[in-house]
Amino acid sequence: MKFIVNDDCIGCGLCNSICPEVFEMTDECKAKAIDLCVDGQVEALSLQAKEQCPVSAIESI
């Protein structure tokens with residue numbers, strides 16, 4: 001599964017704190033997802049970050 005962060009991101013950093021393997025903070029103080037498919041425990045943590053995002057800015061594809 002792959003993840004993307006849309007323009008609704010408010011830069012709270014929650015996703016990065018839950019799953020830094022997939023989500024990083026940019027110089028613009030917004031989250032960005034790595035451009036790779038993930039699975040296993042990393043996928044589970046990414047889904048947790050998606051569910052907890054306060055503005056639903058994380059999408060899975």
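Does Cys12 count as buried, partly exposed or exposed, and at what relative accessibility? In this predicted model, Cys12 counts as partly exposed because its relative accessibility is 49%.

**View 1. Cys12 and Cys53, two cysteines without a disulfide partner.** The closest cysteine sulfur to that of Cys12 belongs to Cys53, at 6.0 Å. A disulfide requires the two sulfur atoms to lie within 2.5 Å, so this separation is too far for a bond. Cys53, for its part, is in no disulfide, and its nearest cysteine sulfur is that of Cys12. Cys53 is buried, with a relative accessible area of 15%, whereas Cys12 is partly exposed. The structure as a whole holds zero disulfides.

View 2. One cavity of 30 Å³ or more is found in a search of the whole structure. The volume of the largest cavity is about 90 Å³. Sorted by class, the lining contains twelve nonpolar residues, one polar residue and no charged residues.

**View 3. The largest nonpolar core.** This core has 14 residues. Phe3, Cys15, Val22, Phe23, Ala49 and Ile58 have the most contacts inside the core. Helix H1 (14-18) and strand E3 (31-33) are the elements that give two or more residues to it.

**View 4. The surroundings of Phe23.** Leaving aside residues up to four places away in sequence, Phe23 touches Phe3, Val5, Cys15, Asn16, Lys32, Ala33, Ser46, Ala49 and Ile58.

Definitions and conventions:
Residues are numbered from 1 along each chain as its sequence is written. This is a predicted model: local features need pLDDT of at least 70, side-chain atom pairs count only at pLDDT 80 or more; totals for chains, interfaces and linings use all residues. Side-chain values use heavy atoms; hydrogens and water are left out. On a 1 Å grid over the protein atoms alone, a cavity is a set of points where a 1.4 Å probe fits but cannot get out, and a pocket is an open set with protein on both sides within 12 Å along at least five of seven lines; lining residues have an atom within 4 Å of a point. Grid points are joined across faces, edges and corners, and a volume is the space filled by probe spheres set on the points. Ala, Val, Leu, Ile, Met, Phe, Trp, Tyr, Cys and Pro count as nonpolar, Asp, Glu, Lys and Arg as charged, and the others, Gly among them, as polar. A nonpolar core is a set of buried Ala, Val, Leu, Ile, Met, Phe, Trp, Tyr and Cys residues joined through side-chain atoms within 4.5 Å. Buried means under 20% relative accessible area, exposed over 50%, partly exposed in between (1.4 Å probe, protein chains only). Helices (H or I, at least four residues) and strands (E, at least two) are DSSP runs, numbered from the N terminus. Contact means heavy atoms within 4.5 Å.
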